[in-house]
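Hi,

Here is the structure I promised to pass on. Have a look at it first, and then read my notes below.

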Amino acid sequence: MSNIFDIFKQIEKKSPGPMPPVGWILVGLGNPGSQYEQTRHNNGFMALDLFAAKHNVKITEGKFHALCVRTAVSNIGVLLMKPQTFMNNSGVAVKEAVDFYKTDPSHVLVFSDDISLDVGRIRIRKSGSAGGHNGLKSIIAMLGCDSFPRIKIGTGNKPHPDYDLADWVLGRYGKEDFEKLSAALDHAADAAELVISGQIEEAMNRFNRQG
C-alpha cells in the first residue's frame, strides 16, 4: 500500500457544483502548527486530511476558530473542520459551527486519537464519555452532552508506566507504526462515509473488529 499522504499530491481541481446544506459536521482533533504535524495526538487531523483528499477538497478556509471546507457525501452536505484552538479547547470551535448550522450533536462526527487502541486499530462509537481525552472532554462540555459519534484511531499506549503521557502523544511514529497508521486512517475515512450515510452499525461491524 502506498503512503496515504501520496494521495494529497493527486488532488485535481473540480468545478464547484451546487452544495447541499450542511447536514453533518466532521471534526478532526489535533494541535495546529508544524511542530505537531504527524504526531500521535494529531491522528484526527490526519484522518480528516485524508477524508478531504478523497473528496478532492482542501481544508483551508478560516472559520469558527477552525480550518474548514464543505463537501458532500451521498448528497449530504458535510462541513469538515480542524479546530485551531489547540486540543484542550476543541469544543469552542465545534460549538460555534453547531450553533451556526443548528446541527444536532448526533450529526457531529469526531476523529480522535486513542492510546487504549493499538496502532492500526480504529473503533467507532455512537456516543460515550471522553475516556480521558481532553479534546473530547472539551466538546462534551461545550455541547452539554456526549451523544455524538466518534471514530477513535489507535496510537498504542506509552511503552512504560513511567513514560510521560504528554511526551508520548506529542511524539511521532516510527516507520513501521506509521505504515500501520496509514491503513487505519484509510479505514477511518471509509467508516466516516458509512456513518454520514446512515450506516453506523455497518461501520462498527466492519471496522471495530479489524486490526
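A word on terms before the details: helices here are DSSP runs of H or I with at least four residues, strands are E runs of at least two, and both are numbered from the N terminus. Please also keep in mind that this is a predicted model.

Within α3, which covers residues 134-143, the buried residues are Gly135, Leu136, Ser138, Ile139, Ile140 and Leu143. The cover over these buried residues includes α2 (90-101), β5 and β7.

Now for the sheet. It is open and has seven strands in the order β2-β3-β4-β1-β5-β7-β6, with mixed pairing. At its edges are β2 (61-63) and β6 (122-125), each of which pairs on one side only. Leaving direction aside, neighbouring strands in this sheet are turned by 30° against each other on average.

Going through some of the strand pairs:

- β2 and β3 run antiparallel and are joined by three bridges. Glu61 has Cys68 in β3 as its bridge partner. The two strands make a hairpin with two residues between them, and Phe64 in the turn has a positive phi of about 60°.
- β3 and β4 are also antiparallel, with eight bridges joining them. Here Ala72 is the bridge partner of Gly77 in β4. Two residues lie between the strands of this hairpin, where Ser74 takes a positive phi near 50°.
- β1 (residues 22-28) and β5 (residues 108-114) pair in the parallel sense over four bridges. Val27 stands opposite Val110 in β5.

Helix α1 (residues 43-54) lies across β1, β3 (66-73), β4 (76-83), β5 and β7 (150-154). Its direction is at about 145° to that of β4.

The volume of the second largest pocket is about 410 Å³. Its lining takes two or more residues from each of β5, α3 and α4 (165-169). By type, the lining residues of this pocket divide into nine nonpolar, nine polar and three charged.

Happy browsing, and do write back with any questions.

Best wishes

How values were computed:
Residues are numbered from 1 along each chain as its sequence is written. This is a predicted model: local features need pLDDT of at least 70, side-chain atom pairs count only at pLDDT 80 or more; totals for chains, interfaces and linings use all residues. Side-chain values use heavy atoms; hydrogens and water are left out. Two strands pair if DSSP finds at least two bridges between them. Axes are lines fitted to C-alpha atoms, for helices over the stretch in contact, and angles run from 0 to 180 degrees between N-to-C directions. Contact means heavy atoms within 4.5 Å. Buried means under 20% relative accessible area, exposed over 50%, partly exposed in between (1.4 Å probe, protein chains only). On a 1 Å grid over the protein atoms alone, a cavity is a set of points where a 1.4 Å probe fits but cannot get out, and a pocket is an open set with protein on both sides within 12 Å along at least five of seven lines; lining residues have an atom within 4 Å of a point. Grid points are joined across faces, edges and corners, and a volume is the space filled by probe spheres set on the points. Ala, Val, Leu, Ile, Met, Phe, Trp, Tyr, Cys and Pro count as nonpolar, Asp, Glu, Lys and Arg as charged, and the others, Gly among them, as polar.
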